[in-house]
Amino acid sequence: MKGDLSRTTFDPAHHYSAVRLQQGRIVTDADWNEQADLTQHRARLTARDVIGPSGAPFDAAGFGLHADTRALAVLALNDNVVWIAAEDGALLGTTNGGATWDMADLGTAAHLRALATAGGTVWVVGDGGVIRASSDGGLSWQVQDSGTLQSLRGVTAVDAWHAWVVGTDGIVLSTEDGGATWQAAQSGTARLRALHFVDTVNGLAVGLQGAVRVTADGGTTWKAVDSGTTAHLLSVACVGTERIWAAGYDGTIIHSQDGGGTWMRCDTPSTPTLRAIAFADTQRGWAAGDDGTFWMTVDGGNYWMDDSLEDTAWMGAPAAGPGSAAGLAPDSGAGAARASLRGISLLDDGSGEGGGTGGWVVGDGGAAWRIGNGSPDSAALALPAVNLAIAPGRYYVDGALCELDARVTYGNQADGGAGARLPPGAHLMVLHVWERHVSALQAPWIREVALGGPDTATRAQMMAQVRALPLADASPAEWTCGSYSPAWEALMHPMPGRLAARATPQPANRNLCDIAATAGYQRLENQLYRVEVHTGGAAPTFKWSRENGSVAYAVIGVTVDTGLQQTTVRVAARGRDEALDLSAHDRVELVDDTSERWQRAGQMFEYLADGDDENELILAGVPAAGLGQDLSAHPLLRRWEQRPDGAAHVLPIEPGRWIELEEGVEIRFAAGEWRPGDAWQIPARTITGDVEWPRDPDTGDAVARAPACIRDAWCRLGIVEVEHDGALRVLADCREIFPPLTRRCDPTVDEPVREVTRRGACLTIGKGGDADRLDAAIIARALEESGHACLCFLPGDHVIESLEAAGTGRSRLSLHGCGPTAQIRVRGGMLLAGFAALELRDLDLTFDDERGLALHKMGDVQIRGLTITRRAERGAPCLHVGDARSLRLSDSTIACTMPGVAALLEHIQGDCHVSDNTLSGILGFYGDPGACRPMPCCAACMKAAATPDWSWAPAT
């Protein structure tokens, strides 16, 4: 962690259980931090031992994946043309009244919040200052520079040239040239949510705390109006120039009959949050909000009554249940039956006075409604699922507790979103867990204001980020949770680069003030050096600090001059002394929450000089788009000590060569994989003239160590497929779900497993499943629909009677256990043949007679976690794989009484990987091991790892 630390002393190899204080002794930061590390280490080991590599608690299973479309706004242009704005940059359009939908490519993953049209131009706005416009009916969308990174919540326009946008921090943007340029103004309120202009000069905006602002000069200046309420106002509707309504929290609806000058409160039946309001004319209007609230008025808003939408539409918002992907139901609460409604758009007759008939309502759960179009009065339509939602709850990964408090989407996660939509193709979704260090610069709320806000202790924050690993189209086996993925294997078996450190004596004293040459470390102060990888890949680089990277300054403003290629950064304060301040040509890193969470690194600059005052810093170069300019992301400037020659800002990693940092401190990298953020701490002490670093007990040389500052953990969450039109499907849920210990004998223990496998599109085999037992007919039926079958054995005892099943040569089959307690007794053999891809995973098979498991004429075969036991002493091989394109056999146990053949693997045309198995019996690679014939290896590549008990008898 990049804190002002003396050193880090925790080492699990010491097996310490606690730190004990003694009276009258000094207590250092290292003592306190070691106790925290001991406690965390013990807690994670305990959770890992009890839960396993990963798992979700039965009653609060988090991080479930769900294909979803949460619509945030709707714009109906006519009976056929409708636009719907949604999360993660999804903009859906229809030209046939909702019969089919297309998704526009806006090049953003920001949530889209509002839509407006005038003069043939359509605008859509959203988070991060996103503005897109189309003047050709949506065939193309232009990126418009808003000049801000604020969340934009409302948009309105009066013609193709004049439009206005409002957002957080009370910002109001206006354009007079169709969006080519936007001018910013301040409204004087904290947050605005919606607005409406009646012409190019007169407009009104509403926002939080009952804010109402009016303008008579086109949005340059704004005046506050008393709304008569303090409830947050989220939506506004106008008919003509005088009649205005606004709706918001606590069922609040207010009405003005004089263009917003005065307001009165309307009578409403209950107190839900209202998110949208629209009027067809001066009498008929609708309001919509949380928990399916949908009201109607026929008297201009004086009285509101419940209206009804077609009930079948609510199927798009599933309720959360025990062991399910909890939290995918509406925000109004787990188990809620109805989704929140978020947008209304009514068709206009073109008069500007309302009078149109019909409209659209949208909200959560992927459903939309056409309203006021005859009988019935509302008709539900299902929107295509184009976004990936992540459910709230808890999940444990490698003993680390991950918590998600509310539903999020893949592109906008609580701990850092991907910043982009998932591209077309299949993806293995994984959860990446690591610990981030947070100081008061990034979390100002940890300061104690009663003491004047000093910088005291820091915090460690657990990061849980959902990431995507692409699954190659060319490998048909990569479609189930246990399938082999090179990218996943690389995460599970990293080969990080290593580093050794030492202090080397100088050859001679340079002057009388120098420390004697017998001391390798030459500085007069104790330091904690930090060496950190800045960029990885083929040309890795590093940076270093003598202060453990703790010298940093809070950024309160960034100005970019692209002409001079310079950046002016204003900081809240400089260092308190020369050792903690900046000097010309120092290298500094501009970093914020987004870059640190997702890339673990920012952008390096050279500090040139001060600007107008000491808190204004001139840097050479310009930052990447948006970096450091969103103050809500807590940007900071961090000092590093390296000063490379020329225009470089970091140093190259050159394995095998000793590199001097300064004053006798040297480092040497050893080859490996380099990842940004990997770091090493090197305590240097003046009293010993040396660095604290482990040495080889035999040679005394510095030992090369793996990075220790960040511990990464990973687990599989599911498999997702994205079509070229943007439609998204969750193919499998890979989470492990466990019940409380006090309910381990409860009959409902198996239910989480059943629920997971059903969501993963697998048929369950066993009592209470989709089929009581497995036979050839069950496999054939499963293959009928798509040519692919996934079958999961529920916990318990199973019996299979002499199974023979064949695929078409292009079909795929996965047989696996839903949990570790599925025991399968086979009366007779099992023969599977003719599958393009076959997966056998987590199965415990016991064969009653001399036959075994035979796999013939296969494509890709993957076997993992398979246990085979045969009671007969002699007979066919327990496992026989013949004529396959490729084979991967791992983590399996095959017990075949000697001299029986445990496994016969022959005619493998491509890669043949056999690793981490326990085999009792003979292993053969070509024909019966007892036959007299030469024995070649697999046709392409054979990789076998030594196992505790296996023998190989070559033919003679």
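## A buried histidine

At 6% relative accessibility, His 816 counts as buried, a term that means under 20% relative accessible area, whereas exposed means over 50% and partly exposed lies in between (1.4 Å probe, protein chains only). His 816 has its place in strand β57, residues 812-817. Strands (E, at least two residues) and helices (H or I, at least four residues) are DSSP runs, numbered from the N terminus.

The side chain of His 816 is joined to that of Ser 814 by a polar contact of 3.2 Å. A polar contact is a pair of N or O atoms within 3.5 Å; within protein, one must be able to donate a hydrogen and the other to accept it, and residues adjacent in sequence count only if both atoms are side-chain atoms. Leaving out residues up to four places away in sequence, His 816 touches Cys 762, Cys 790, Leu 791, Cys 792, Phe 793, Arg 841, Asp 842 and Leu 843. Contact here means heavy atoms within 4.5 Å.

## The model as a whole

This is a predicted model, in which local features need pLDDT of at least 70 and side-chain atom pairs count only at pLDDT 80 or more, while totals for chains, interfaces and linings use all residues. Residues are numbered from 1 along each chain as its sequence is written, and side-chain values use heavy atoms, with hydrogens and water left out.

The secondary structure of the protein chain comes to five helices and 67 strands. Of the 956 residues in the protein chain, 53% are buried. Among contacts between residues at least 6 apart in sequence, 58% join residues at least 24 apart.

Helix α1 covers residues 29-51; at 1.5 Å a residue its 23 residues should span 33 Å, and its end C-alpha atoms are 33 Å apart, which agrees. The expected span is 1.5 Å times one less than the number of residues in the helix. The buried residues of α1 are Ala 30, Glu 34, Leu 38, Arg 44 and Ala 47. Their cover includes β32 (393-397), β33 (400-404) and β51 (713-722). After α1 comes Gly 52, whose phi is positive, near 100°.

An open sheet of four strands has the order β33-β32-β1-β53, with mixed pairing. Two strands pair if DSSP finds at least two bridges between them. The edge strands are β33 and β53 (737-738), each of which pairs on one side only. Strands β1 and β32 run antiparallel and are joined by two bridges; Ser 54 stands opposite Val 397 in β32. Helix α1 lies across β1, β32, β33 and β53, running at about 95° to β32. For this angle, axes are lines fitted to C-alpha atoms, for helices over the stretch in contact, and angles run from 0 to 180 degrees between N-to-C directions.

## A buried hairpin strand

Six of the six residues of strand β3 (residues 71-76) are buried, so β3 is largely enclosed by the rest of the structure. Strands β3 and β4 form a hairpin with five residues between them. The two pair in the antiparallel sense over five bridges, β4 being residues 82-86, and Val 74 stands opposite Ile 84 in β4.

## Nonpolar cores

A nonpolar core is a set of buried Ala, Val, Leu, Ile, Met, Phe, Trp, Tyr and Cys residues joined through side-chain atoms within 4.5 Å. The largest one has 50 residues, and those with the most contacts inside it are Leu 774, Leu 832, Leu 845, Leu 853, Leu 855 and Leu 879. Strand β60 (residues 853-870) gives the most to this core, with seven residues. A second, separate core of 30 residues includes Ala 61, Val 397, Met 429 and Cys 715.

Setting aside neighbours within four places in sequence, the contacts of Leu 879 are Leu 853, Leu 855, Ile 863, Ile 868, Leu 889, Ile 894, Ala 902, Ala 903 and Leu 904.

Phe 63 has a positive phi, near 65°, in a residue other than glycine. Its place is in the loop between β1 (54-57) and β2 (65-68), and Phe 63 is buried, with a relative accessible area of 2%.

Asp 883 also is not a glycine, yet has a positive phi of about 60°. Asp 883 is found in strand β61, residues 879-890, and is partly exposed, with a relative accessible area of 27%.
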